Amino acid sequence: MARPFPVHPYMSKGFEPIGLECDYANLVVEGEIPADLDGSFYRIGPNPQFAPRGNYNPLNGDGMVHAFHVRDGRVAYRNRWVRTEQWTLEHAAGRSLFGTSGVPSDSDPSVAGMRTDGVANTNIVRHGNKLLALEEGHGPIELDPLSLATIGRWSFDKKLPRNMTAHPKIDPDSREMLFFANFPTGRVTGDLEFYAADVSGALIRSQMIHGPFTALIHDFVATSDFVIFPFCPVTVSIKRAMAGAPPIAWEPDKGTQVGIMPRNGNAEDVRWFAGPPCMAWHLMNAFSDGARIVVDVCQQEVPPFPFADGSPTDARRASQYLTRWEFDWAKPGVFAAEKLSDTRCEYPRIDERRAGLSYRHGYVACIGGPGSGDIFHRGIGHFDHATRQMRIYSAGPRCAVAEPVFVPKQSSSKEGAGYLLTNIFDEDRNASHLAIFDAEQIERGPIARAHLDHRVPVGFHANWRPADIN
């Protein structure tokens, strides 16, 4: 049932939460849902259940999952908050208790200093017969894939000591899940820990890696032979924060340092490569051929953080562009960077069957975003690495487009033959819909839309779970 939710003054339209959980057995469908599209599309993002305390930071809002279950040309919908410890305490109190700004005084004294299991609001993945809600400061929260009921913390049978990235990688051949933890001991240092879990979800490997500085690392990538960690000069410093300076800051003088480790290697085998300062929030894919290693990223010239002295950076330089980094494993040193497209873009995705392998097709959210003067992305793009062309669908100036997700028509279909799914928020209707595209012809627009009567708050990431997968 819906309930009133006072809009917080620091929330812009599209980011404000919805105060309801609901179920719809059959959404209104415009167009025709492909008969071979059978599974569940999950979108996750922040959605505070109560008006936030202090300045609202969406990165720390309560996680909500939106599930679109697609079968036989029909779409059912369900959304649920992830019942984290934080959410449960606030639900019992009937008000917000935890601040989202990172300022300790914004939290209620009754929860001061309390460490919970996080907000589970950034990504949602399936692995080892589990559906996991992720955010990088804490461990995963397991959910039921159909009801979305919260099952609870998942610590890989107590082998994961603290946190993990929200961007694990699934090897398409072995089905191993590779991931890392930034600041794995809870201390703010340059350390990160690399992990691997086998197809059943059992943790089979961990390896501590010592980085050059305390970087905020959101994503990484792996090939069939290597694991690649970008240390971009967005730094974290408790000492700096205690002195009244920014806890997270842009320090371009450090440059970008990229650590590369063989998949079967250890910390002593890591080789370091240097490049110009930039930020890479999300990486599209990587592949290797002998000593040649290729990494495709959405590269940001200047991130939206102040300099270490607190002075502001130039927001006009915050645009992100698809860029290719190339490394020669035999010759550590400066890596080569090539801008692949002049289209501003973020949230890169691929046909996941080609993860870590050479590939042709990539997909992005585009038109708008950082550096454009528009907080939202207004379209999706399909980049063809063979032709070096970006084909674009524009949703229009009043529609916000979320991260696109590729779904193959069949497991045996050629790369790129399938569908692209995303959520689109219509500002005029103040409601969202699930949009389904032919991935080979996105510029023609959606072949089907499944409409909601409310918005899906602008979130972060999404994934697809085929119906024949547990």
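## Contacts along the chain

In this predicted model, 58% of the contacts in the protein chain with a separation of 6 or more are between residues 24 or more positions apart; contact means heavy atoms within 4.5 Å. Local features need pLDDT of at least 70 and side-chain atom pairs count only at pLDDT 80 or more, while totals for chains, interfaces and linings use all residues. Residues are numbered from 1 along each chain as its sequence is written, and side-chain values use heavy atoms, with hydrogens and water left out.

## Overall form

The protein chain holds two helices and 32 strands, taken as DSSP runs numbered from the N terminus (helices H or I, at least four residues; strands E, at least two). Its radius of gyration is 21 Å, close to the 23 Å of the globule rule for 470 residues, so the chain is as compact as a globular protein of that length. That radius is taken over C-alpha atoms, and the rule is 2.2 Å times the number of residues to the power 0.38. The C-alpha trace spans about 55 × 55 × 45 Å along its principal axes.

## Surface and charge

Of the 470 residues, 57% are buried. Buried means under 20% relative accessible area, exposed over 50%, and partly exposed in between (1.4 Å probe, protein chains only). The chain exposes about 19200 Å², with carbon and sulfur atoms supplying 51% of it; the areas come from the Shrake-Rupley method with a 1.4 Å probe, and for residues only the protein chains shown count as cover.

There are 48 positive and 55 negative side chains, and the centres of the two sets lie 1 Å apart. Lys and Arg count as positive and Asp and Glu as negative, with His and the chain ends not counted; each charge is placed at NZ of Lys, CZ of Arg, CG of Asp or CD of Glu.

## Nonpolar cores

A nonpolar core is a set of buried Ala, Val, Leu, Ile, Met, Phe, Trp, Tyr and Cys residues joined through side-chain atoms within 4.5 Å. The largest one has 27 residues, and those with the most contacts inside it are I228, V258, I260, I293, V295, W325 and F327. Two or more residues each come from β15 (226-231), β16 (234-236), β18 (256-262), β20 (279-289), β21 (292-300) and β22 (320-328). The largest share, five residues, comes from β20.

Neighbours within four places in sequence aside, I293 is in contact with F226, I228, I260, F287, S288, W325, E326, F327 and W329. Apart from this core lies another, of 26 residues, among them F68, V75, W81 and L452.

R80 is in strand β5 (residues 74-81) and counts as buried at 18% relative accessibility. V234 is 154 residues from R80 in sequence and 33 Å from it in space, C-alpha to C-alpha.

L148 is in the loop between β8 (141-143) and β9 (150-153) and is buried, at 2% relative accessibility. Most residues other than glycine have a negative phi. L148 is not a glycine, yet has a positive phi of about 65°.

I367 is another non-glycine residue with a positive phi, near 60°. I367 lies in strand β24 (residues 361-369) and is partly exposed at 31% relative accessibility.

Q441, in the loop between β30 (431-438) and β31 (448-451), is partly exposed at 26%. The C-alpha atoms of Q441 and R115 are separated by 47 Å, with the two residues 326 apart along the chain.
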